[in-house]
Amino acid sequence: MNKKVKLWITVAFSIILLIFIKKFFDHKFDFVESLQNYMKGFGIAAPVFLTIFQAVQVVIPVLPGYLGCAAGAVAFGSMTGFLCNYIGISLGSIAAFFLARKYGIDIVLTMFPQKQYEKWSRVIEKSKSYERFLFLATLLSLFPDDFLCYFSGLMKMDNKKFIWIIILGKPWCILVYSYLFGLIP
């Protein structure tokens, strides 16, 4: 993905974020209930929009994923927010893997700084089992998940193994985020 496309997508996300911030300061979102009502105004498209947003934010890592998790849990409740976030983040993670598989290191270095690539390359070289490391990284959310999905696409990792790691590792942290953000009164 070239820098112009990344810039335009960043601008689009920023505009959407600014609209929500403006509405907050205009007191349209002064309570959780008002955000929920606003999101419900989009009808069935609201959860779909959140799911797509979460997928895109993994493929084009501009915003931290927990922001979408928070928005989903606050707007739709813990369970619906969790489902939208889990599906979106998982699809985005798988898409990032296959983009790296197809476009190679060029896309990874377009999306992330070379220093980050070099740092994680050294860490992973020392790892005895990259698959276990990746599973723990997706499970614990202490690592740069988006980067690792792209990085995994550069590895000689089996496609099905990667997909299973995402399916089994991703839900737990997202579930915790969804539950905690769903507690916001």
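Reader: In which helix is the place of Leu-91?

Author: The model discussed here is a predicted one, and its chain holds 10 helices and zero strands. Among those helices, the place of Leu-91 is in helix α5.

Reader: Is Leu-91 buried or exposed?

Author: A residue is called exposed when its relative accessible area is over 50%. Leu-91 has a relative accessible area of 52%, so Leu-91 is exposed.

Reader: How far apart in space are Leu-91 and Ile-163, C-alpha to C-alpha?

Author: Along the sequence, Leu-91 and Ile-163 are 72 residues apart. In space, however, the separation of Leu-91 and Ile-163, taken from C-alpha to C-alpha, is 9.4 Å.

Reader: Is Ser-90 buried or exposed?

Author: Ser-90 has its place in helix α5, and the cut-off to keep in mind is that buried means under 20% relative accessible area. Because its relative accessibility is 7%, Ser-90 counts as buried.

Reader: Which residues is Ser-90 in contact with, leaving aside its neighbours within four places in sequence?

Author: The C-alpha atoms of Ser-90 and Val-58 are separated by 8.8 Å, although these residues are 32 apart along the chain. As for contacts, once the neighbours within four places in sequence are left aside, those of Ser-90 are with Ile-166 and Lys-170.

Reader: At roughly what angle do the axes of α5 and α10 cross?

Author: The axes of α5 and α10 come within 8 Å of one another, and their crossing is right-handed. The contact is made by residues including Ser-90 and Asn-85 of α5, together with Ile-166, Lys-170 and Ile-174 of α10. The angle at which the axes of α5 and α10 cross is roughly 145 degrees.

Reader: How many charged residues has the contact of α5 with α10?

Author: Sorted by class, the contact of α5 with α10 has 14 nonpolar residues and eight polar ones. The number of charged residues in this contact of α5 with α10 is two.

Reader: Which residues does Asn-85 touch, not counting residues up to four places away in sequence?

Author: Asn-85 also has its place in helix α5, and its relative accessibility is 0%, so Asn-85 counts as buried. Not counting residues up to four places away in sequence, those that Asn-85 touches are Leu-50, Gln-54, Gly-68, Cys-69, Gly-72, Ile-174 and Ser-178.

Reader: What separates the C-alpha atoms of Gln-57 and Gly-88?

Author: Gln-57 is found in helix α3, and its relative accessible area of 3% means that Gln-57 is buried. Gln-57 and Gly-88 are 31 residues apart along the chain, and their C-alpha atoms are separated by 9.0 Å.

Reader: Why do the buried residues of α8 line one face of the helix?

Author: In helix α8, which runs over residues 130-140, the buried residues are Tyr-130, Phe-133, Leu-134, Ala-137 and Thr-138. Seen down the axis of α8, these buried residues line one face of the helix because they fall within an arc of 130 degrees. In general, an α-helix has 3.6 residues a turn, so residues three or four places apart point the same way. The face of α8 is thus explained by that arc, of 130 degrees.

Reader: Which helices do the buried residues of α8 pack against?

Author: Tyr-130, one of the buried residues of α8, touches residues including Ile-124, Leu-148 and Phe-151. The helices that the buried residues of α8 pack against are α7, α9 and α10.

Technical notes:
Residues are numbered from 1 along each chain as its sequence is written. This is a predicted model: local features need pLDDT of at least 70, side-chain atom pairs count only at pLDDT 80 or more; totals for chains, interfaces and linings use all residues. Side-chain values use heavy atoms; hydrogens and water are left out. Buried means under 20% relative accessible area, exposed over 50%, partly exposed in between (1.4 Å probe, protein chains only). Helices (H or I, at least four residues) and strands (E, at least two) are DSSP runs, numbered from the N terminus. The arc is that of the directions from the helix axis to the C-beta atoms. Contact means heavy atoms within 4.5 Å. Axes are lines fitted to C-alpha atoms, for helices over the stretch in contact, and angles run from 0 to 180 degrees between N-to-C directions. A crossing is left-handed if the near helix is turned anticlockwise from the far one by less than a right angle, and right-handed if clockwise. Ala, Val, Leu, Ile, Met, Phe, Trp, Tyr, Cys and Pro count as nonpolar, Asp, Glu, Lys and Arg as charged, and the others, Gly among them, as polar.
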